[in-house]
Amino acid sequence: MRRKGKNGALLLVYTLVIFVLASVLFFTYALKREAALVLKDAPEIIVQRSQTGRFHPIPVAWGESIGKINGVISVRPRLWGYQYDSVFQANYTLSVPAENAPPTGSIDIGSGIAKIRDASPDDIIAFTGHDGFPRSFTIREILSDESQLLTSDLILLSEEDYRDFSGLPADQAIDLALRVRNPREYATIAEKITRLHPDTRPILRSEILRTYDALFGWRSGLLIVIFSAAALAFVIFAWDKATGLSAEERKEIGILKAIGWETSDILMMKFWEGSVVSLTAFLAGIILAYAHVFLTSSPLFAPVLKGWSTLYPAFRLTPFLDFGQISALFFLTVVPYTVTTIVPSWRAAIIDPDSVMR
Amino acid sequence: MISARDISKVFNAGRPSEFTALHGVSLDIRLHETTVLKGPSGSGKTTLLALLGCMSRPTTGRIFLNDREITSLPERFLTEIRRSTFGFVFQQFNLIKGISALENVMAPAYPTGEKFSLLRRRALAALEMFNLEKRADAKVEWLSGGEAQRVAIARALINNPTVIIADEPTAHLDTRLAHEFIGIMADLKAKGSTIILASHDPIVYDSELADRVVEMRDGQVVSQGISA
């Protein structure tokens with residue numbers, strides 16, 4: 001490689017810019033996809049009760065009347081909530097699972113909780129209940145990492161333990177989860193539920209997805225700022241390259257013309273030179289970004305972007321590459337860069353070759 | 001025969017820095033001979049060399065190469081003529097830094113699309129002619145002045161030119177190396193090359209190599225004749 005210092009620095013800056021841009025793209029896209037995958041099995045409709053606009057527990061008995069509405073396959077009262085752990089200053093999500101709930105006195109916990117509480121299966125762990133008294137639970141298992149985004153801060157427990165812990169009466173639930181087969185009936189069913197129980201608020205799955213999208217969208221908004229900064233750095237970098245051609249490079253172009261190279265030969269050489277730098281930096285940047293996002297859990301972005309509580313889910317995103325995005329990145333970086341390397345060379349190459357003799 | 005008819009060259013035309021380097025020069029250069037353009041700095045020798053070597057066009061006047069008028073040819077054709085007919089040895093040698101002596105020698109032939117292995121072999125042979133085969137892979141920055149000039153000559157010969165043009169070839173050489181250069185040129189002339197040199201060094205214009213000496217001053221030819 002000629003001009004080791006200059007080309008090395010160029011390659012480094014270029015790779016860094018591609019790395020940041022590609023990391024942002026990979027991360028936001030994978031995050032949204034992860035959330036969508038996790039929510040794939042979410043109920044089609046969730047019915048909540050509200051009193052003067054505020055959340056209120058819903059009577060379990062309402063499930064019977066709602067279940068009779070045509071199109072509703074099943075209704076399940078759900079029990080869940082949040083628990084603030086003042087010792088570790090972390091928020092946990094409590095939930096009673098529909099299937100395979102832990103037996104009374106046992107809980108399953110997310111990997112994030114296990115990590116900060118240094119807990120493993122069969123350990124006994126205590127949480128303060130609604131009445132201020134602590135309850136002890138035996139850990140049955142640590143939840144698998146596959147759905148880390150939403151399970152990192154999760155505690156699964158039995159219905160009995162949940163009611164004891166939260167003080168929620170036996171005839172009430174947090175909300176009702178409905179299964180509906182035909183997506184075209186969602187709106188009609190929601191309307192019927194509101195007519196039957198005017199103080200309820202049916203939430204469609206599409207609305208939840210939209211909320212998640214907005215949430216991650218907002219977070220990716222932060223990344224857009226980083227993205228913009230990196231893109232700006234790239235523009236400055238390319239502009240500098242486009243306007244600057246060292247005296248040595250100009251002289252070299254003059255020599256090549258003098259010894260019989262045509263302007264097109266010189267442009268072709270500069271094109272290949274630019275392409276080699278561009279493609280090397282692009283590939284290196286993409287590979288580094290892939291490793292950063294999918295193999296090392298984005299240590300540079302994670303604190304800002306993941307988890308909503310003080311407990312950061314340490315999760316690994318499912319590798320997913322959108323080739324549309326990669327090609328967009330390619331056409332927004334490699335192509336303009338290569339062009340900008342040609343422009344000054346062209347300006348130098350159209351001068352008379354006798355300039356080297358003077 | 002290379003003929004120049006009433007050629008002038010004006011630099012920075014229309015600007016305050018306008019400068020006329022050549023005024024109505026007419027000249028005939030016979031093939032297979034050595035012509036030396038002699039004169040002080042600023043006399044127009046280098047400008048005339050550049051015009052004869054198709055590196056630039058005269059502002060007025062015409063240049064003929066074997067009776068073919070080349071002044072009005074498009075850039076592409078001029079480049080083609082420059083590449084196939086002329087071999088240049090520049091005053092500062094103008095080797096491309098950062099690459100080896102061998103790659104420098106091969107450079108003029110790259111646009112011809114010649115097979116790489118064949119070109120490499122020819123370039124090595126050219127370096128061998130000047131006892132530089134051991135320096136083939138050395139970066140040009142590491143070469144001595146004499147070696148650098150011999151590489152520059154090898155580069156000038158790679159496309160088998162009929163005319164070799166050298167601008168102040170001995171300006172950066174000591175007496176021994178200057179005589180060595182004259183010897184190399186004499187060999188090339190003996191093999192049929194036409195040589196055009198610009199120099200104000202007596203070692204060059206008083207040498208036996210020079211068949212004709214054209215004396216220049218202030219952009220004009222003041223005398224031309226057979227060398228003594």
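Biologist: Which residues in helix 5 of chain B meet which residues in helix 6 of chain B?

Modeller: In this predicted model, B:Gly145, B:Gly146, B:Gln149 and B:Ile153 in helix 5 of chain B meet B:Leu177, B:Glu180, B:Phe181 and B:Ile184 in helix 6 of chain B. Sorted by class, this contact has four nonpolar, three polar and one charged residues.

Biologist: What makes helix 5 of chain B and helix 6 of chain B roughly parallel to each other?

Modeller: Two packed helices are described by the angle between their axes and the distance between the axes. Here the axes of helix 5 (residues 145–157) and helix 6 (residues 175–190) of chain B come within 11 Å and cross at roughly 20 degrees. Angles under 35 degrees count as roughly parallel, and therefore helix 5 of chain B and helix 6 of chain B are given that description. Their crossing is right-handed.

Biologist: Why is helix 8 of chain A called oblique to helix 11 of chain A?

Modeller: The axes of helix 8 (residues 247–258) and helix 11 (residues 323–349) of chain A come within 9 Å and cross at roughly 55 degrees. Roughly parallel would need an angle under 35 degrees, and roughly perpendicular one of 65 to 115, so helix 8 of chain A is oblique to helix 11 of chain A. This crossing, of helix 8 and helix 11 of chain A, is right-handed. The contact is made by A:Arg250, A:Ile253 and A:Lys257 of helix 8 of chain A, together with A:Ser345, A:Ala348 and A:Ala349 of helix 11 of chain A. By class, the residues of this contact are three nonpolar, one polar and two charged.

Biologist: Why is helix 1 of chain B described as largely enclosed by the rest of the structure?

Modeller: A residue is buried if 20 or more other C-beta atoms lie within 10 Å of its own, and eight of the eight residues of helix 1 of chain B are buried, so the helix is largely enclosed by the rest of the structure. The buried residues in helix 1 of chain B are B:Lys45, B:Thr46, B:Thr47, B:Leu48, B:Leu49, B:Ala50, B:Leu51 and B:Leu52. Helix 1 of chain B is followed by B:Cys54, whose phi is positive, near 60 degrees.

Biologist: What makes the phi of B:Glu168 worth a remark, and is B:Glu168 buried or exposed?

Modeller: Most residues other than glycine have a negative phi. The phi of B:Glu168, however, is near 45 degrees, a positive value in a residue other than glycine. B:Glu168 lies in the loop between strand 7 (163–167) and helix 6 of chain B. Because the cut-off for a buried residue is 20 or more neighbours, B:Glu168 counts as buried with its 21 C-beta neighbours inside 10 Å.

Biologist: How do you know whether A:Asp122 is buried or exposed?

Modeller: A:Asp122 has 10 other C-beta atoms within 10 Å, and a residue is exposed if that count is 12 or fewer, so A:Asp122 is exposed. A:Asp122 lies in the loop between helix 3 (111–116) and strand 8 (124–128) of chain A, and its phi is near 80 degrees, a positive value in a residue other than glycine.

Biologist: Why is A:Ser111 called partly exposed?

Modeller: A:Ser111, whose place is in helix 3 of chain A, has 18 C-beta neighbours inside 10 Å. Buried would need 20 or more, and exposed 12 or fewer, so A:Ser111 counts as partly exposed. A:Ser111 and A:Ile155 are 44 residues apart in sequence and 10.0 Å apart in space, C-alpha to C-alpha.

Biologist: Which residues have the most contacts inside the largest nonpolar core?

Modeller: That core has 76 residues, and those with the most contacts inside it are B:Val105, B:Val151, B:Ala152 and B:Ala154. Its largest share, seven residues, comes from helix 5 of chain B. Apart from this core lies another, of 33 residues, among them A:Ile45, A:Ala101, A:Ile109 and A:Ala114.

Biologist: How many residues does each chain give to the contact between chain A and chain B?

Modeller: The contact takes 20 residues from chain B and 17 residues from chain A. On the side of chain B that touches chain A, helix 1 (45–52) and helix 2 (75–85) of chain B each supply at least two residues, and the largest share, four residues, comes from helix 2 of chain B. The residues of that side divide into nine nonpolar, six polar and five charged.

Methods:
Residues are numbered from 1 along each chain as its sequence is written. Chains are lettered from A and ligands numbered from 1 in the order in which they are written. This is a predicted model: local features need pLDDT of at least 70, side-chain atom pairs count only at pLDDT 80 or more; totals for chains, interfaces and linings use all residues. Two residues are in contact if their C-beta atoms, placed from the backbone, lie within 7 Å. Ala, Val, Leu, Ile, Met, Phe, Trp, Tyr, Cys and Pro count as nonpolar, Asp, Glu, Lys and Arg as charged, and the others, Gly among them, as polar. Axes are lines fitted to C-alpha atoms, for helices over the stretch in contact, and angles run from 0 to 180 degrees between N-to-C directions. Angles under 35 degrees count as roughly parallel, over 145 as roughly antiparallel, 65 to 115 as roughly perpendicular and the rest as oblique. A crossing is left-handed if the near helix is turned anticlockwise from the far one by less than a right angle, and right-handed if clockwise. A nonpolar core is a set of buried Ala, Val, Leu, Ile, Met, Phe, Trp, Tyr and Cys residues joined through C-beta atoms within 7 Å.
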